[in-house]
Amino acid sequence: MSDPLLVVENLDAYYGSAHVLQGVSLVMGAEPVAVIGRNGMGKTTLCKALVGVLGVDGRSTGSARLAGVELRGKPPHKIVKAGIGYVPQGRRLFQSLTTDEHLQIVGAPAKAAWTPARVYELFPRLAERKNVSGTALSGGEQEMLSIGRALLTNPKLLIMDEPSEGLAPTVVETLIVTIRELAASGMGLLVVEQNLGVATTLADRMIVMQSGTVATETTSAELLADPGAQKRYLGVEPLPDAVR
């Protein structure tokens, strides 16, 4: 692993009295890492705790450091400035804003590595739909816009929560190519995925969450070769030999 980019130590998160994350620790460099697990295991809460958006009834304890800078306790806008880009589950777009307005409102500096013009180069389809409301885009286009908006913060680490959710297989294939290109450019990538095929294609390193804790860490090859682990951690039934 390269020098640590993100170091999480004993991170706990609560919604009211509900103790959702329990002592989560992980270390990653500028490489793609997938966080997998069944529904309700704390994966989205981990994302929200890292970017400071647990909500009015949420709180966290412990430590999360990006390139040595403590994130916990900082407001979301300062966490973004520290170098985290966030692509939330469900995209979180605004009906009142066009595609272009979603990108322009981020306020990326003209000399930044990522600008709206570069996002349009990455996703030409968005350039064709720049005057369309963000919520009127197709599911794949909305995911592209959500990724593009996050890239305009010029992050060191991109956190993506269920990027393939609700998308057609052909759209997912296109997004996988793009996400892998971003990771290959040196950007850190922490991706939450329930789709085992997507997770193992995007990352070799797999962090498995169960009941708000890190249950185990494995590799994509080891997980794909172990149907028992797939069923235990993800509820995935192995295909019969006749249909593989």
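These legends go with a set of close-up views of one predicted model.

Residues are numbered from 1 along each chain as its sequence is written, and side-chain values use heavy atoms, with hydrogens and water left out. Since the model is predicted, local features need pLDDT of at least 70 and side-chain atom pairs count only at pLDDT 80 or more, while totals for chains, interfaces and linings use all residues.

View 1. Helices (H or I, at least four residues) and strands (E, at least two) are DSSP runs, numbered from the N terminus. The C-alpha atoms fill a box of roughly 50 × 50 × 35 Å along the principal axes. The radius of gyration, taken over C-alpha atoms, is 18 Å, which agrees with the value near 18 Å for a compact globule of 244 residues; the globule rule is 2.2 Å times the number of residues to the power 0.38. Buried residues make up 48% of the 244, where buried means under 20% relative accessible area, exposed over 50%, and partly exposed in between (1.4 Å probe, protein chains only). Take the contacts (heavy atoms within 4.5 Å) between residues at least 6 apart in sequence: 69% of them join residues at least 24 apart.

**View 2. An open, mixed sheet of six strands.** Reading across, the order is β6-β7-β8-β3-β9-β10; two strands pair if DSSP finds at least two bridges between them. The edges belong to β6 (84-87) and β10 (213-219), each with a single partner strand, so one side of each has no neighbour in the sheet. From one strand to the next, the twist averages 20°. Axes here are lines fitted to C-alpha atoms, for helices over the stretch in contact, and angles run from 0 to 180 degrees between N-to-C directions.

View 3. Look for Leu 158, whose bridge partner in β8 is Leu 189.

**View 4. Helix α6 (residues 139-151), mostly covered.** This 13-residue helix reaches 18 Å from its first C-alpha to its last, close to the 18 Å expected (1.5 Å times one less than its number of residues). Of its 13 residues, 12 are buried, among them Met 144, Leu 145 and Ile 147. The cover includes β6, α3 (99-104), α4 (116-122), α5 (124-128), β7 and α7 (169-184).

**View 5. A salt-bridge network around Glu 141.** A salt bridge is a side-chain nitrogen of Lys or Arg within 4 Å of a carboxyl oxygen of Asp or Glu, and the structure holds seven. Arg 125, Glu 128, Arg 129 and Glu 141 are linked in this network. Glu 141 meets Arg 125 at 2.5 Å, N to O. Glu 141 sits in α6 and Arg 125 in α5, so the pair ties together parts 16 residues apart in sequence. Arg 129 also meets Glu 141, at 3.4 Å, N to O; Arg 129 is in the loop between α5 and α6, 12 residues from Glu 141. Glu 141 counts as buried at 6% relative accessibility, whereas Arg 125 is partly exposed at 36% and Arg 129 is partly exposed at 22%.

**View 6. A buried salt bridge between Arg 205 and Glu 31.** The side chains meet at 3.1 Å, N to O, and both residues are buried. Arg 205 lies in β9 and Glu 31 in the loop between β2 (18-28) and β3, so the pair ties together parts 174 residues apart in sequence.
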